[in-house]
Amino acid sequence: MTARPAQAAVPAGSAQSPRSSSRWRSWWAPPVALGRIAVLRFVLYAFVVLDALHLTTWPLDHGDVPAQLYRPILLRRLLDLPAPTETSVRVVLVVLVASAVVAALGRLPRAAGWVCAAAYLEWTSNAFSYSKIDHDHVALLVALLVLPTVGPARDAAVRSEAAGWAVRCVQVATVCTYFLAALAKMRFGGWDWANGAIFTWAFSRRGSDLTDALLAVPHLVLVMQWGVLVAEFLSPVLLWLRGRALAAAVAFWVLFHVGTYLTIGIHFLPTVVCLLAFVPLERLPRAGRSGAGRSRA
């Protein structure tokens, strides 16, 4: 990830700053309206509260389990973080929710944002230090780490390179969630993953009436497996699409996650909300935009 560019605001529709003349810099930090940051902050920080209190709740239980079960992920090993305790997990939860609420309201965007990022990193690293690691949180973690670098987003119409850099980082992290999943399939299953019975196994284990109907169609699951693999390998195209093509691609991934939820009950919501980084949120009506980030267009 490249270094964050300095805040450089220019009026909407004006030419880019000379500092953005290089192709690489202009790709990594295109001027983006602060209105997008304001809405993105509101949605992502609000989702953090939902995630901690309703979706990813098991870190709270880890304070009551034996320390022998603690198998810290690499980050926790590097930082030499101890096993969570009953007191520590509750303190982290309070700090996480409080900082997320403050940041969602547009108050203290840097201070509250950094506190929320640190608390959420502790929360999720705790969650995945006792069992499997869910890769659906990667993009959201990156988003929380880069959003505080933008600073206040009071004037929604102003375009900022710092805002563009933060948005691009979230976009890249979201794409990596899909693309690296395809590489993982190749690493552990090879091309046989797409020709195997992985969907049949998943549908049989966590299926529904819908999956029973899908399994009844000959060869359909093989087509679906190849479709998922190809889509994941092609996901970096999202970073270069524009207009209706980009909207169609984002809609495809949203529908994909709706499909996984309806068939096997996996929602991937942390990744889904980060797809908003590809959406021109600054075009929302002024009332909704100012209410989301307490910004005044």
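Helix α2 passes helix α6 in a left-handed crossing (left-handed if the near helix is turned anticlockwise from the far one by less than a right angle, right-handed if clockwise). Helices here are DSSP runs of H or I with at least four residues, numbered from the N terminus. This is a predicted model, where local features need pLDDT of at least 70 and side-chain atom pairs count only at pLDDT 80 or more, while totals for chains, interfaces and linings use all residues. Residues are numbered from 1 along each chain as its sequence is written, and side-chain values use heavy atoms, leaving out hydrogens and water.

So how do the two helices sit together? The axes of α2 (residues 34–55) and α6 (residues 138–146) come within 11 Å and cross at roughly 120°, with axes fitted to C-alpha atoms over the stretch in contact and angles running from 0 to 180 degrees between N-to-C directions. That makes α2 oblique to α6, because angles under 35 degrees count as roughly parallel, over 145 as roughly antiparallel, 65 to 115 as roughly perpendicular and the rest as oblique. From α2, Leu 44, Tyr 45, Phe 47 and Val 48 meet Leu 140, Ala 143 and Leu 144 of α6 (contact means heavy atoms within 4.5 Å).Turning to the core, 62 residues make up the largest nonpolar one, where Ile 37, Leu 44, Leu 96, Leu 238 and Phe 278 touch the most other members. Such a core is a set of buried Ala, Val, Leu, Ile, Met, Phe, Trp, Tyr and Cys residues joined through side-chain atoms within 4.5 Å, buried being under 20% relative accessible area with a 1.4 Å probe and protein chains only. Its largest share, 11 residues, comes from α2.

Note on methods
Buried < 20%, exposed > 50% of the residue type's maximum accessible area, 1.4 Å probe, protein only.
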